[in-house]
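Here is a short briefing to read with the model open in your viewer. It goes through the ligand sites and then the way the chain is divided.

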Amino acid sequence: MKKVVHAACPHDCPDACGVLITIEDGRATKIKGDPAHPVTRGFLCAKVSKYLDRVYSPDRVLYPMRRVAKKGSGHKDARDFERISWEEALEEIAARFKQIASEFGSEAILPYSYGGTLAALSSASMDRRFFHRLGASQLERSICSAAGEAGLRSVTGVKLGTEPEQFRESRYILAWGANIHGNNVHLWPFIEEARRAGAKLVVIDPYRTRTAKCADWYLPINPGTDAALALGMMHVIIAEGLHDADYVSKYTTGFEQLSEKVKSYPPERVAQWTGLSAADIRKLAIEYATVRPAVIRMNYGVQRSENGGMASRAIAMLPCITGSWKEVGGGLQLSLSGAWGLKKDALERADLMQQTLGRPARVVNMVELGKALNTLTDPPIQGLFVYNSNPAAVCPNHNEVIRGLRRDDLFTVVHEQFFTDTTDYADIVLPATTFFEQKDLQTAYGHYFLQVSNQAIEPLGECRSNVEVFRSLAQAMGFEEDCFRASVEELIDEALNSSNPWLHGIDRGRLETEGHVRLNFEGSGANARPPAPFLPFAQGGFQTPDRKAQLYNPALAAQGLDPVAEFVPPLESRHGGSSQTLPLELLARKADNFLNSTFSNLPSVQSMEEPGLLELHPKDAHPRGIRDGDAVRVFNGRGEMRLRARVNGAVQPGVVAAALNWAKLTPGGCNVNVLTSEKLTDMGNSATFYSVLVEVELSKPSLLNGKCKL
Ligand SMILES: Nc1nc2c(c(=O)[nH]1)N[C@H]1C(S)=C(S)[C@@H](COP(=O)(O)OP(=O)(O)OC[C@H]3O[C@@H](n4cnc5c(=O)[nH]c(N)nc54)[C@H](O)[C@@H]3O)O[C@H]1N2
Ligand SMILES: Nc1nc2c(c(=O)[nH]1)N[C@H]1C(S)=C(S)[C@@H](COP(=O)(O)OP(=O)(O)OC[C@H]3O[C@@H](n4cnc5c(=O)[nH]c(N)nc54)[C@H](O)[C@@H]3O)O[C@H]1N2
Ligand code: SF4
Ligand SMILES: [Mo]
């Protein structure tokens with residue numbers, strides 16, 4: 001029998017595509033985009049188009065497994081484990097967690113999860129209930145976007161922005177630290193539509209991405225200098241009187257302080273930091289302010305540097321001073337995730353932690369996993385439960401993370417779909433379903449459509465969903481609260497039972513029938529209006545204390561930051577002053593065809609990438625005797641790796657780039673995060689993957705096949 005099921009892609013991607021899965025005799029035989037979805041419009045990215053290869057991969061984890069080989073050695077796949085039953089696995093985990101809790105206290109157990117799936121239930125529901133009830137340490141989940149969110153919110157008070165459909169109305173589009181073509185591909189057709197109508201696409205990125213290659217104007221900015229550029233643009237806009245005085249006076253506070261501040265950022269000075277010419281900076285500012293509507297797609301590339309919070313803040317001020325929020329096709333998009341307002345307290349039940357501990361549990365920042373595993377005391381981390389994440393690949397300061405994961409006294413459980421870099425250090429591996437095998441609720445951070453993702457096939461092998469794993473683990477621990485028995489449907493209903501007016505009229509039944517539903521921006525009942533473009537800040541409405549955009553934000557001063565904005569060069573950069581020890585800035589990037597480390601083990605997806613490359617400029621290659629194709633050693637005080645040189649036009653002199661991959665699949669055996677640091681950003685305690693200094697030298701080709709040196 002053949003049927004087609006509507007699902008939603010839950011991967012960590014702004015697009016949250018509507019998906020149609022064809023099933024024949026219980027087996028998925030086809031995946032395609034749902035043509036009815038107004039934003040993702042019937043196509044999928046290259047990697048998810050190959051999703052059947054992932055679901056039915058012979059490498060899936062299908063059964064609970066217990067380690068038999070020594071941690072970190074052996075085959076680094078299923079052969080290092082013995083198959084056990086779910087009952088044995090759950091009993092062993094419960095027994096170990098109870099023993100750790102009684103000996104060290106429950107905060108010696110740390111959950112570790114991030115973006116394996118962003119579906120509402122799979123990412124934060126039963127799991128949170130479980131760890132709150134257990135009294136485990138809390139994880140600060142800031143590895144990706146926290147600096148940018150803090151920067152944006154310091155201006156607007158909320159993560160809202162321009163909906164993607166409006167980009168077709170824009171006439172000037174700034175892709176700022178945003179690899180749209182690689183990481184947010186469903187925005188691209190709207191941009192193309194705008195360009196056919198005469199729009200100009202400007203890309204500001206230190207790496208010549210696919211998006212940059214397609215741009216009308218590409219500005220290869222020096223890494224970590226975006227705050228200077230935004231302040232320089234505002235210098236020109238204000239000096240030329242191109243700001244919207246009416247919007248500014250009605251809907252912003254602090255314009256006077258901003259005007260004063262930007263006087264010290266003339267284009268000539270900004271040029272020295274950014275590597276862009278003063279003439280280009282001036283031209284960019286004038287075009288941005290006068291070619292209307294102008295929209296900014298800022299993305300998280302901007303905020304993965306030491307002062308990325310401030311950079312995002314400065315950029316977020318631009319549409320506030322030009323009044324571009326008033327226009328359809330104007331404004332700015334970073335993340336739209338502030339719109340959903342699902343009932344988190346019901347889903348996550350943080351009150352259970354209070355009940356167990358009588359206080360909030362200790363917080364451990366996920367970026368500092370290496371430090372946490374190796375240095376925390378009182379209590380030390382003795383139990384680690386990893387799900388939705390692959391920290392042995394994605395965490396900065398990889399060598400320290402691995403040193404911690406190797407500890408014999410650390411009990412590590414990993415719930416996974418594949419034998420990743422992290423399962424190489426697991427005591428117990430539990431098999432996880434993919435989104436084909438479970439039902440969930442799906443929000444998005446790049447559009448405003450809510451979806452239900454239906455279950456298409458039965459779980460493979462003995463795979464269980466995140467919800468089911470924590471439900472059964474709660475039972476094994478003897479947690480008796482009713483909330484540990486909730487079904488998926490009940491959890492979806494609880495999530496939607498929110499006071500957010502934009503969810504008014506949207507319930508599970510409607511989502512199940514319609515597949516996707518746009519948030520209710522129009523109001524309901526007598527106040528309802530016909531669907532119209534959503535302009536979140538056309539008439540102010542910022543979610544700040546005074547409802548105005550905060551060009552001056554007093555709360556920042558309390559954190560030791562400039563309450564207006566300022567540019568401070570990253571310490572670990574060529575402009576960083578005394579701490580500068582090595583000459584090259586490394587962009588430890590994402591691969592266009594993987595999703596962080598996900599997909600990197602699938603042959604059909606691997607064939608679209610060329611892993612193991614270090615991209616560098618001829619001006620840096622030649623003095624070091626490096627030619628295209630040579631083996632090179634890339635190193636700094638934290639570690640080293642071997643890569644193959646690609647001397648091309650991707651980066652400017654002084655900048656090199658390498659992409660994220662599984663460590664065990666990277667030539668030389670360790671990945672780019674051996675070079676990155678645990679240093680946190682200025683705002684949001686986020687990661688600084690793009691503030692890294694390295695040196696590069698020729699290496700012996702044979703060492704490309706060597707082992708990671710710890
Ligand atoms: N194909 C694919 N899609 C993805 C992902 C993936 O790994 N692969 N990852 C997903 C995830 S988790 C996220 S958070 C989003 C992220 O999507 P993006 O926010 O687009 O993230 P990045 O690729 O980190 O950075 C975007 C660009 O910023 C540039 N950049 C680096 N440093 C600077 C800087 O100092 N200034 C400026 N202006 N630009 C800089 C980088 O070169 C990069 O091209 O994408 C999601 N989508
Ligand atoms: N050098 C460098 N490092 C980076 C970045 C970078 O640009 N450069 N990007 C950073 C960013 S932006 C992010 S968001 C993080 C991402 O960090 P992670 O969220 O850890 O990302 P992934 O590598 O995609 O690993 C997710 C894992 O979850 C598993 N998974 C998927 N679905 C499920 C499920 O339903 N249940 C369970 N239990 N597991 C599941 C997948 O198989 C996969 O192995 O990486 C960060 N690390
Ligand atoms: S990864 Fe992103 S673009 Fe690809 S199918 Fe999923 S949501 Fe769509
Ligand atoms: Mo991310």
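Which ligand has an oxygen atom 3.2 Å from a backbone N or O atom of Leu595? It is ligand 2. Please keep in mind that this is a predicted model. The notes below start with that ligand and then turn to the others.

**Ligand 2**
- Ligand 2 sits in the largest cavity, with 32 residues around it.
- The closest of these residues are Ser389, Glu416, Ala588, Ser597 and Thr598.
- Thr598 also makes a polar contact through its side chain, where an N or O atom is 2.5 Å from an oxygen atom of ligand 2.
- The backbone takes part too: a polar backbone atom of Gly115 is 2.8 Å from an oxygen atom of ligand 2.
- On its own, ligand 2 has 920 Å² of accessible area, and the protein covers 98% of this.
- Sorted by class, the shell around ligand 2 holds twelve nonpolar, 15 polar and five charged residues.
- Domain 2 and domain 4 each supply at least three residues to that shell.

**Ligand 1**
- Ligand 1 sits in the second largest cavity.
- Its surroundings comprise 31 residues, of which Asp205, Tyr300, Asp592, Phe594 and Tyr690 are the closest.
- Phe594 places a polar backbone atom 2.6 Å from a nitrogen atom of ligand 1.
- The shell around ligand 1 consists of 15 nonpolar, nine polar and seven charged residues.
- At least three of the shell residues come from each of domain 3 and domain 4.

**Ligand 3**
- Cys9, Cys13, Cys17 and Cys45 are among the residues that surround ligand 3.
- Eight residues of the shell around ligand 3 are nonpolar, one is polar and two are charged.

**Domains**
- The chain is divided into domain 1 (2-55), domain 2 (65-144 + 350-442 + 449-488), domain 3 (147-337 + 542-558) and domain 4 (584-705).
- Taken over C-alpha atoms, the centres of domain 1 and domain 4 are 32 Å apart.
- Ten residues from domain 1 and ten residues from domain 4 take part in the contact between them.

Technical notes: Residues are numbered from 1 along each chain as its sequence is written. Chains are lettered from A and ligands numbered from 1 in the order in which they are written. This is a predicted model: local features need pLDDT of at least 70, side-chain atom pairs count only at pLDDT 80 or more; totals for chains, interfaces and linings use all residues. Side-chain values use heavy atoms; hydrogens and water are left out. A residue is near a molecule or strand if one of its heavy atoms lies within 4 Å of it. A polar contact is a pair of N or O atoms within 3.5 Å; within protein, one must be able to donate a hydrogen and the other to accept it, and residues adjacent in sequence count only if both atoms are side-chain atoms. Accessible areas come from the Shrake-Rupley method with a 1.4 Å probe; for residues, only the protein chains shown count as cover. On a 1 Å grid over the protein atoms alone, a cavity is a set of points where a 1.4 Å probe fits but cannot get out, and a pocket is an open set with protein on both sides within 12 Å along at least five of seven lines; lining residues have an atom within 4 Å of a point. A molecule sits in a cavity or pocket if more than half of its atoms lie within 2 Å of its grid points. Ala, Val, Leu, Ile, Met, Phe, Trp, Tyr, Cys and Pro count as nonpolar, Asp, Glu, Lys and Arg as charged, and the others, Gly among them, as polar. Domain bounds come from an automatic or database domain assignment. Contact means heavy atoms within 4.5 Å.
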